[in-house]
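Please keep the sequence and the model open side by side while reading.

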Amino acid sequence: MDGIVAMMVVMNGTVSPCQYYEFRCNNGYQCVHQYYVCDGRNRCYDGSDEWNCGYSSISPSSTVSIQVSSSSQSACQYYEFRCNNGYQCVHQYYVCDGRTHCYDGSDEWYWNCASQTSTSIQPSSTAQSWAVTPSRQYCYHWEFQCRNGQCINRHYLCNGGYDCYDGSDEDWLNCPRKTNLTICQQKLDLGFILDNSGSVGQRNFERMKSFVKDLTDFYKLGPEETRVSVMSYSHSANIHIAFSAYFSDKTRFDSAVDRISYTGGGTATAMALNKAYNYMFTSHYGARGSEFKKVLVILTDGRSNTGQVSGPARKLKNSGVVIFSVGIGQSISMQELRVMASDPVNQRVITLDNFSQLDRLAEQMSSQTCNASNFHVFCDNDHMTAVFDRADLPKHVNIDHLYLRDRYCKADWNSTHVIVKTLLTGCGTVFSKNDQTLFFSNALSEESGSSGHGVITRDYLFKANLTCAYPRKRTVGSFSFAPAKQRVFVNVAGQGNFSLRMDVFKSIDYRQPYASQDYPVLKSLSDNLYIQYSINTSNPNLVVRAETCRATPTNRPYDTPQYVFIADGCDKDETIRHYSYGMSSVQRFSMQAFRFLSEHRFVYLHCDLVVCHRYDYNSTCARSTSCSRRYRRDVDQQSQDVSGMYALSFGPIMEGKESDDKSAGAHSEASNATLIGSLIGFGCLSVVLIGALLFMLQRSRRRRSDQTKNGVENKGALSMQNLGYT
């Protein structure tokens, strides 16, 4: 086996990184699962998976080395840590000290810190400083040894703050006070969405995961009890634990949470909410029926940079999911938090000054999530209907005093539910719209006693906002579609007004864009799509760039399924060809047409555009589209783009039988023209040949006739000549 592994490394010439759940052996080429590290058996060929495990082990030889390729790569020394990139060694003293020393940052990854005990990071509970001390294989009698081997003063054990790097000083196994928790008797589908973006940082992401473990301590987990699902998101969203996952005990669930890795990246909150609606809270992923309460807790430190959160949040709330939005830090958007949260908003929006306050939030939220009330909103062509479970309503609510905005519209009720139904145009329903959606909103409330001499009131004892959203559709033939948003107008302080636009053109000359009357645009799979996006401004120093481009089957930019063909400014589709380069106010590229492998009929194209300064070479707009090498801006040099991201769309595009792509069909047209020209030429040649043949036949006949006539004349002439000479 050793020879096979070494042969693979020599043939490849490089050392492949281990997976996030694996441990790289000190020999440099072998990876083993973290589960087997320090289990008392050697899985690494050099035994390095059993070094520094808190028990006596054989010291490794400092002279071992292995030839990786033509250039040798020596094994790290026994006191060194091999980075996940496979070629860099750093002193064990610096592993998990809060600063990155490996180029890939792997000396600070949680799973490496959990398996390496070379450093002990001991935060002070009373000061914002971290004392880094060399690790050892034992702790003193006045110390507590964390699961990762770290030693902390027992004074910090179970103090409500996480002093162990892995949080083991606060888990229920080590803290007797947690054995007396008030366990929620409700059976929930409890979901978590964790912000995994670059602004959070790994240490704070670990705090988020500890919060998940702490809050679920208040629930009895199991297939017939409370089910838990966990998702994280940055520039994309991933469900790490589905409701269908089974854990034999709480410790195994906590371990699964610990294995969720920190990635960094953008803040695609809207995309995460869409994934929660389309996947997380579906039966395919283990979510149960409406008889089980559904709660979602989302933690974020910023605003969404991939579109509006209102749409997917509304769909979740209308389907009966109660959303708690937790904003952390100074960069949060209070408006976004309130839009995401369920009613009553003032109880479902929680703001924290910093991530350390998460340590004590779980106990506060345990009763809120356990007793959360939910309701369903059903929207049809003419009516809006809301259904509330009476058991979920606050105890003080008087159901006889529940009204819509129009006081003549009162809720009905029975022994189990409260029901209210209204026409979309009645009972005080408010209508609003944007470029893509029509909104109908109302509210069911119980008002408090009157004030101002019994004429007015401004207080609500209970209030639930109800909203139905409908896409603005157009009908063509037997099918209908929703047009896309192709233009947006922007006003940025200090930069003035400008507009952004996205079009698809009929040919490579970019002269004639498709207009609204052309929808749906018919394209065969062999055609090219000629795409252009631009900024219209009087400021010549503003340029535009697509941060992300994707395709969906609807006019909603973050719907699913989706196909991303540009990500982080980098081309992801091999058929993309660019016709403009560098910092420009107009960008053009083409790609080959496609369709979704499903029953979806339409394809919509969406691009998130960013506006930058022309001469800012550290901006998003300055990135290379090819991205042959991963583009990474230094944090200190990173520039602030002029604007946030603006989502523009084009569509729908529909697969057609005949191509109308002039450029894609240029060769076939040329071939047709050549064929027609050849036929005409052949016809002309045939006429000429036939004419020549007829001429030759006629000439041949004339020649024979002339020869006969000339023979007689010649004879007479000769006779005359003869006579003349006699």
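Helices (H or I, at least four residues) and strands (E, at least two) are DSSP runs, numbered from the N terminus. The model is a predicted one, in which local features need pLDDT of at least 70, side-chain atom pairs count only at pLDDT 80 or more, and totals for chains, interfaces and linings use all residues. Residues are numbered from 1 along each chain as its sequence is written, and side-chain values use heavy atoms, with hydrogens and water left out. A search of the whole structure, taking a disulfide to be a pair of cysteine sulfur atoms within 2.5 Å, finds ten disulfides. For accessibility, buried means under 20% relative accessible area, exposed means over 50%, and partly exposed lies in between, with a 1.4 Å probe and protein chains only.

**Disulfide of Cys83 and Cys102**

- Cys83 is joined to Cys102 by a disulfide with an S to S distance of 1.9 Å, and this pair links distant parts of the chain, 19 residues apart.
- Cys83 is placed in the loop between β5 (80-82) and β6 (89-91), while Cys102 is found in the loop between β6 and α2 (110-115).
- Because the torsion about the S-S bond of Cys83 and Cys102 is about -80°, the disulfide is left-handed.
- Both Cys83 and Cys102 are buried.

**Disulfide of Cys379 and Cys468**

- A disulfide joins Cys379 to Cys468, with 1.9 Å from S to S, and the link is left-handed, with -90° about the S-S bond.
- Since Cys379 belongs to strand β17 (residues 375-379) and Cys468 to strand β23 (residues 460-471), the pair ties together parts that are 89 residues apart in sequence.
- Cys379 counts as partly exposed because its relative accessibility is 34%, whereas Cys468, at 0% relative accessibility, counts as buried.

**Disulfide of Cys409 and Cys427**

- The sulfur atoms of Cys409 and Cys427 are 1.9 Å apart and form a disulfide, which is left-handed with -85° about the S-S bond.
- Cys409 lies in the loop between β18 (383-389) and β19 (412-413), and Cys427 lies in the loop between β20 (417-423) and β21 (430-433), so the pair ties together parts that are 18 residues apart in sequence.
- Cys409 is buried, as is Cys427; the latter, Cys427, counts as buried because its relative accessibility is 16%.

- Cys427, in the loop between β20 and β21, has a phi near 60°, which is a positive value in a residue other than glycine.
- Asp568 likewise has a positive phi, near 55°, in a residue other than glycine, and its place is in the loop between β31 and β32 (570-571).
- With a relative accessible area of 30%, Asp568 is partly exposed.

**Cis peptide bonds**

- The peptide bond from Thr560 to Pro561 is cis, with omega near -5°, and Pro561 is located in the loop between β30 (542-552) and β31 (563-567).
- The peptide bond from Gly651 to Pro652 is cis as well, with omega near 10°, and Pro652 is located in strand β36 (residues 646-655).
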